[in-house]
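Please read the points below with the sequence and the model open beside them.

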Amino acid sequence: NKNYDGYETAQKMEEKLYNMQDLHVIAVSNGMKKKILKNYPEKPSESIHVILNGTDFSANKQTGLIREEYNAGNKKILVCIGSICSRKNQMQIVQAFKLLPSNVQQNLIVIFCGADRMSGQLQKSIEAEGLEKSLIVVGPFSNEKIKEYYSAADGLIMASHAEGLSIAALEAFSYGVPAIMFADSECAIDFNDGNVVQFATGKTSESLATAIEKWMKREWNKEYIIDFSNKFTMETMAKNYVRCNQVI
C-alpha cells in the first residue's frame, strides 16, 4: 500500500523476490531492514544483512556562486536534492513553507535540484502560491554543479516517503551541512544524531514546518557534521560487502 506512484512494477518484483526460500538480502540501512521485516514478517531476521551506503564524493568548497546567482544575501538556503517525483514528496515542502511564520519565510530560500518527473506540477504549485522568489526549481545538474549548491547550502531538506540511505544526505554531511527529515525515514536510525539531523516528528506539513523553524534557530557545528560523514565511506562499504559475501 505505497502512498506514492511509479513503483508498481518494482513492488511486484519485490513480492516475488522476498517470497523466495533461503534468500539472503542486503539492506542499505537499518531502517530498510526494519521495513522489510515489517512487510515480510515471515522472513528470518538473520537472512537480512545491513551494509550502510557509502560514497566517494569529495567535498570541494566553492564560495559565493549560488548566493550571487539567486541574490540570497544573508538568507538561509535549504537545498532539496533528487528527482522531482511522488516518492521524493517535494510538494509537501511547499505546503510546509506556507505554514512558516512570515519572518522565517522572508529569510529562507529553498532550491530544488533534480530532473522533473511530474510534468511541472511542483513549479505550478509554487507559482500558484506566489512563492517563486523563495522556492526555486533549477532542474537537473552535473556532479560538479551540485558542489556549488552544497557549498552555498545551510541545510538539506528531505520529505521523501521512502529513502533507503540517502546519498544526497551523505554528500551534504561531507560539506558540514545538516539535514531535515522525517523521524520515521529509513535513514533515521543510522542518522540518529541531533547534532547532524533535525527530525520532523510526524508526517504532517505542520511537523515539517516546525522542524524547519528549529533548524533555523540552531547553530550547527560544521566540523562535527563533516566528522560524522566519515562513517560512510566507499572503502568501508566495500569491505563490508566482501566480508558479508564471505560469510554467506
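1. The model is predicted. In it, Asp184 has a relative accessibility of 53% and so counts as exposed, since the cut-off for exposed is over 50%.

2. Asp184 has a charged partner: its side chain meets that of Lys203 in a salt bridge, with N and O 3.7 Å apart. This pair links distant parts of the chain, as Asp184 sits in the loop between E7 and E8 and Lys203 in the loop between E8 and helix H9 (205-217), 19 residues apart. Lys203 is at 32% relative accessibility and therefore counts as partly exposed.

3. How many salt bridges are there by this rule? The count comes to 9. Side chains of opposite charge can pair when their charged atoms come close.

4. One of the salt bridges joins Arg87 and Glu163, at 3.8 Å from N to O. Arg87 belongs to the loop between E3 and helix H4 (90-98) and Glu163 to the loop between E6 and H8, so the pair ties together parts that are 76 residues apart in sequence. Are Arg87 and Glu163 buried or exposed? Both Arg87 and Glu163 are buried.

5. Glu69 and Lys145 form another salt bridge, in which the closest N and O atoms are 3.9 Å apart. Because Glu69 lies in helix H3 (residues 65-69) and Lys145 in helix H7, this pair ties together parts that are 76 residues apart in sequence. Glu69 is partly exposed, with a relative accessible area of 44%, and Lys145 is partly exposed at 28%. Salt bridges with shared partners join Glu69, Lys145 and Glu148 into one network.

6. Why is helix H8 (residues 167-174) described as largely enclosed by the rest of the structure? The reason is that 7 of its 8 residues are buried. These are Ala168, Ala169, Leu170, Glu171, Ala172, Phe173 and Ser174. The elements that the buried residues of H8 pack against include strand E3 (76-81), helix H7 (145-152), strand E7 (179-182) and helix H10 (222-229).

7. Both ends of H8 deserve a look. At its start, a side-chain oxygen of Ser166 comes to within 3.3 Å of the backbone nitrogen of Ala168. Just after H8, Gly176 has a positive phi of about 80°.

8. In helix H2 (residues 30-39), the buried residues are Gly31, Lys33 and Ile36.

Methods:
Residues are numbered from 1 along each chain as its sequence is written. This is a predicted model: local features need pLDDT of at least 70, side-chain atom pairs count only at pLDDT 80 or more; totals for chains, interfaces and linings use all residues. Side-chain values use heavy atoms; hydrogens and water are left out. Buried means under 20% relative accessible area, exposed over 50%, partly exposed in between (1.4 Å probe, protein chains only). Helices (H or I, at least four residues) and strands (E, at least two) are DSSP runs, numbered from the N terminus. Contact means heavy atoms within 4.5 Å. A polar contact is a pair of N or O atoms within 3.5 Å; within protein, one must be able to donate a hydrogen and the other to accept it, and residues adjacent in sequence count only if both atoms are side-chain atoms. A salt bridge is a side-chain nitrogen of Lys or Arg within 4 Å of a carboxyl oxygen of Asp or Glu.
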